[in-house]
Amino acid sequence: MSIKTFHITNGDSINERLKELQIEGDFAVWREMLCEGKTVFQIGNASFINARKKFLEQDYTIDASHYEEKFISQLKRIDQVHAYDEVILWFEYDLFCHINLIAAISYLLQIDCKVPVYLVCSGRVSGEKELKGLAELTEKQLKKHYTDKVLLSKNDLLLADHIWRLYCGEDHTLLNPKLAKDSGFKYLSNCISAHKERFPSQHSGLNTLETNLLKLIQKHKITSENQLCGYALNYQGYYGYGDMQIFKMIKRMHSYFINNGDQIVLTDKGIHAIELQQNMYEDLKKPCYFGGVSKYEYLYQTDSHQLVKIE
């Protein structure tokens, strides 16, 4: 008797590729970007849906009507998981994917999934220097990842659910990389650390991505915002952001650089920011949520790598 497999993938491209490779099973796609915007622990309820629709419409001008078609339809597919013998999650090493991953696992627990859950997670590849996304793997590498999939233990599932609850909660100081130690998620600690660095530095008022953007402008001859986006994508580390997130950041930081006709250069304000001559916290402060908290409720302490809540 053949095993009935249900796959949850991190995007349409890998979904189609797995079908082309004739990976057996039925599929759902997790079409969300839960690393940004307000989130609610109970995935799929009215509060969750309303919060996500509002965020996507305000920040990315994505029509609210698309949410039902693109994401809620996939949750309805996942709701049928009880009819299968196993679930296989296909996600990547970065923060973008890992927030979606822990949410997907939490949802499986919320619908009382009883079948074994496996994880295929791309990242380090033997013989390669750079971390790899699923779409970057060769056919041979992708099949090997599938063969080497990790069976998530009950403790792993409960850990993911716990971290999702903390992420949706009001105290992000509780998000500690040590929580993921000795778990089945070998990149989760790095992602928690990266998340902390999304909050403004106590010294500059900029977070790590914003600081790196200005340093890229300072270091390289960049002639357009498209090129700047490309550099930021290539040098972002564990974030896994796409064009949409990077261009939003570039737009928000327009006053920190200017195109002089030959290349993009820092303004005085940009120079003051990265040389720590001026704290830009108040300048950049605007409504922006990560899960259950505002980006500007906390400061990141670079020396201790801890978050401090602003009273």
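The second largest cavity is lined by L209, N212, L213, L216, A232, Y235, Q236 and M249. In this predicted model, that cavity holds about 40 Å³ of space. Helix 8 gives the most to its lining, with four residues. By class, six of the lining residues are nonpolar, two are polar and none is charged.

In the contact of helix 8 with helix 9, L213, L216 and I217 of helix 8 meet L228, Y231 and A232 of helix 9. This contact has six nonpolar residues, no polar and no charged ones. The crossing of these two helices, helix 8 and helix 9, is right-handed.

Helix 8, which spans residues 208–219, also approaches helix 10, their axes coming within 11 Å and crossing at roughly 75°. Helix 8 is therefore roughly perpendicular to helix 10. On the side of helix 8 the contact is made by L209, E210 and L213, and on the side of helix 10 by M249, I250 and R252. Four of these residues are nonpolar, none is polar and two are charged.

Helix 9 passes helix 10 in a right-handed crossing. Here E225, N226, L228, C229, A232 and L233 of helix 9 meet D243, I246, F247 and I250 of helix 10. The residues of this contact comprise seven nonpolar, one polar and two charged.

| Helix pair | Angle | Axes |
|---|---|---|
| Helix 8 and helix 9 | about 120° | 10 Å apart |
| Helix 8 and helix 10 | roughly 75° | within 11 Å |
| Helix 9 and helix 10 | about 120° | 10 Å apart |

Why are helix 8 and helix 9 described as oblique to each other? Angles of 65 to 115 degrees count as roughly perpendicular, and those over 145 as roughly antiparallel. The angle of helix 8 and helix 9 is about 120°, and the two are therefore oblique to each other. Helix 9 and helix 10 pack at an angle of about 120° as well, and they are therefore also oblique to each other.

**The largest cavity**

A search of the whole structure finds two cavities of 30 Å³ or more. The largest cavity has a volume of about 80 Å³. Its lining is formed by L95, H98, I99, I102, I163, Y167, L175, L188, C191, I192 and H195. Nine residues of the lining are nonpolar, two are polar and none is charged.

**The largest pocket**

The largest pocket holds about 1,100 Å³ of space. Among the 39 residues that line this pocket, E92, F96, G240, Y241 and G242 are the closest to its centre. Which helices each supply at least two residues of the lining of the largest pocket? They are helix 1 (12–20), helix 2 (46–60), helix 3 (65–78), helix 4 (95–110), helix 9 (225–234) and helix 10 (243–252). Helix 3 gives the most, with four residues. The lining of the largest pocket has 18 nonpolar, eleven polar and ten charged residues.

Technical notes:
Residues numbered from 1 in each chain as written. Predicted model: local features only at pLDDT ≥ 70, side-chain atom pairs only at ≥ 80, totals over all residues. Heavy atoms only, no water. 1 Å grid on protein atoms, 1.4 Å probe; cavity = no way out; pocket = protein on both sides within 12 Å on 5 of 7 lines; lining within 4 Å. Points joined across faces, edges and corners; volume = space filled by probe spheres on them. Nonpolar A, V, L, I, M, F, W, Y, C, P; charged D, E, K, R; others polar. Axes fitted to C-alpha atoms, helices over the stretch in contact; angles between N-to-C directions. Parallel < 35°, antiparallel > 145°, perpendicular 65-115°, else oblique. Left-handed = near helix turned anticlockwise from the far one by under 90°. Contact = heavy atoms within 4.5 Å.
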